[in-house]
Every structure is written in C-alpha cells, then in structure tokens.
Amino acid sequence: MGYATRDLCKRVFAQSFTTATDPTLTQKGSLINFGTSLKGNVITDEILDQHIALADEYINSILSSMYSTPLREISDVEFELVVDIDPYNTDVVIMSPNANVFVPGDVIVLTNGFLNERRTVSDVANGTTLIVNEPFLVDFAAAESRLLRVKFPDPVPGASARLCVASLFDRYFSSMSGTEKNEYGKGLRNQARVMLTNILNGRTVLHGQTRISSRFANPTLLGRYALPNTDQDSTRDIPEM
C-alpha cells in the first residue's frame with residue numbers, strides 16, 4: 001500500500017472528468033472508470049497503483065534529507081467498541097459519536113491485544129457505526145477490543161494523491177487535447193508542492209517518524225530544523241514541477 005489509497009485518489013479526480021456525453025448516446029457515459037479489466041479509456045487499479053508508487057518515490061526523495069524514508073504508518077485515533085464483533089454482527093459500533101472523522105477508504109485495525117484484523121471502511125452509517133469492506137474472521141469482544149485508524153501522517157497522503165492524479169491527467173487527457181499540461185493537474189501539483197515545502201521548512205512536523213539527526217532520535221520531539229539564512233538568499237522551497 002502506498003501513501004495514498006485508491007479511494008483517496010478517486011476522490012481527488014475532478015468531477016467534470018467523471019462523466020461525458022457521447023453524441024451517439026442519449027445518456028451520459030463513463031469517461032473515467034476504475035476497474036480490474038483494461039479497456040479503451042479505462043484506468044485500472046493496477047495503473048492507479050503504478051502512479052501512486054511514482055508519486056511516493058518523488059515524496060521520499062524530497063523528504064529523505066529530513067526523515068527516514070519510506071515513512072511509517074501511525075495510529076491517529078483510537079475508539080472503544082460498544083457491540084461485540086461476531087458472525088451475527090459485522091458492523092463496527094464505537095463508543096464515541098465521532099464516526100464522522102472516518103471517510104470511505106480509511107484503513108482501520110481491530111485488536112484485542114493478541115489478534116488483530118485490518119479492514120477498509122466502505123461506508124459510515126451514522127455517528128457511531130462503520131461498515132467495512134468484508135466481514136471479520138475473528139470474534140472481538142467489545143470489553144477487550146479497541147479500534148485504531150492507521151494512516152501515514154498528514155499531509156503526505158494528500159500530497160501523494162494529488163501527484164498521482166496530476167500524472168494521470170497528463171498521461172491520459174492532455175495528450176488528447178494538446179501538448180500543454182492540464183490546468184487541473186497543474187493546480188494539484190502546486191497544492192502538493194506547498195504541502196511538501198511546509199514540511200521542509202519546519203512548519204509541518206510528521207509525528208511518529210524518524211528524523212535524520214541524533215538530536216531528533218525521539219520522533220515525538222517538537223524541535224524545528226534550522227531554516228535557511230535569508231541573507232544568503234537560500235531556500236528550501238520546491239521548484240515548480
């Protein structure tokens with residue numbers, strides 16, 4: 001799994017490029033389709049994974065001067081269960097009415113201290129209930145189990161998804177209209193560049209990661225890297241892509 005999930009990349013795609021009208025049809029047809037079979041004008045999951053990997057390689061090369069790469073997943077939220085997970089109930093009901101912090105595509109881990117299972121959120125039914133992509137194989141008692149959401153630290157997943165989608169736009173859509181880069185793709189690259197520049201300049205700290213310096217051996221320290229000396233006209237800003 002890369003820094004960005006497939007679902008996150010799909011949500012980044014411009015809505016105007018998800019449907020198109022064919023003159024020979026009386027209804028809208030799909031222009032971008034995510035599936036498992038390669039057809040004409042279809043972006044498969046395999047192609048999407050390739051572009052996510054390319055985006056991750058670029059991010060790793062940028063951040064390798066400050067952090068040990070590849071980055072590690074972290075658990076950013078933890079909840080208690082209200083209902084046992086068993087063959088009669090596969091929905092995840094959490095104690096706090098804060099299920100709205102989850103979105104479809106989030107990766108969760110259920111653990112009882114000995115066994116754990118990893119699933120993807122497919123839907124958020126209400127403020128306390130999550131629906132997962134497939135049933136759990138292990139029974140989890142609510143009193144002994146907890147729910148964790150695991151992800152790479154923000155804003156890395158968002159930057160990876162934007163770079164991935166920008167690459168796909170350049171490959172599949174700009175070639176149809178001309179040699180110029182797609183404007184939406186340019187905007188996505190600029191957004192990703194700002195996110196990564198904030199990390200390099202110390203304005204954004206990636207918690208739970210190993211920093212490249214003995215001073216930052218503890219990943220929870222909030223120390224800040226020295227910023228460039230403005231007198232020397234140096235900068236950590238990433239050049240426009």
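How many bridges join strand E7 to strand E8? In this predicted model, 5 bridges join E7 (residues 107-111) to E8 (residues 116-124), and the two strands run antiparallel. One point of pairing can be found at Thr 111, which stands opposite Asn 116 in E8. The hairpin formed by E7 and E8 has 4 residues between the strands, and in it Gly 113 takes a positive phi near 100°.

Strand E7 has another partner as well: E7 pairs with strand E10 (residues 146-151) in the antiparallel sense, over 5 bridges. Here Val 107 has Val 150 in E10 as its bridge partner. Strand E7 is mostly covered, with 5 of its 5 residues buried. In a regular strand the side chains alternate between the two faces of the sheet. Accordingly, Val 107, Val 109 and Thr 111 point one way from E7, while Ile 108 and Leu 110 point the other way.

The largest nonpolar core has 35 residues, and Cys 9, Ile 59, Leu 63, Leu 71, Val 156 and Leu 168 have the most contacts inside it. The elements that give two or more residues to this core are helices H1 (6-12), H2 (45-63), H3 (156-177) and H4 (183-200). Helix H3 gives the most, with 10 residues. Leu 63 touches residues beyond its own neighbourhood in sequence, including Thr 69, Val 156, Ile 199 and Leu 206. Apart from this core lies another, of 16 residues, among them Ile 94, Leu 110, Val 121 and Phe 140.

Helix H2 also contains Ile 47. Ile 47 counts as buried because its relative accessibility is 11%, under the 20% limit. The C-alpha atoms of Ile 47 and Leu 168 are separated by 9.0 Å, although these residues are 121 apart along the chain.

Charged residues supply a further set of links. Side chains of opposite charge can pair when their charged atoms come close. The structure holds 10 salt bridges. In one of them, the side chains of Arg 149 and Asp 76 meet at 2.7 Å, N to O. Arg 149 lies in strand E10 and Asp 76 in strand E5 (residues 74-80), so this pair ties together parts that are 73 residues apart in sequence. Arg 149 is buried at 10% relative accessibility, whereas Asp 76 is partly exposed at 33%.

Another salt bridge, at 2.6 Å from N to O, joins Asp 170 and Arg 189. This pair links helix H3 to helix H4, across 19 residues of sequence. Both Asp 170 and Arg 189 are buried. Finally, Arg 6, Asp 45 and Asp 49 are linked in a network of salt bridges.

Technical notes. Residues are numbered from 1 along each chain as its sequence is written. This is a predicted model: local features need pLDDT of at least 70, side-chain atom pairs count only at pLDDT 80 or more; totals for chains, interfaces and linings use all residues. Side-chain values use heavy atoms; hydrogens and water are left out. A nonpolar core is a set of buried Ala, Val, Leu, Ile, Met, Phe, Trp, Tyr and Cys residues joined through side-chain atoms within 4.5 Å. Buried means under 20% relative accessible area, exposed over 50%, partly exposed in between (1.4 Å probe, protein chains only). Contact means heavy atoms within 4.5 Å. Two strands pair if DSSP finds at least two bridges between them. A salt bridge is a side-chain nitrogen of Lys or Arg within 4 Å of a carboxyl oxygen of Asp or Glu. Lists of a residue's contacts leave out its neighbours within four places in sequence.
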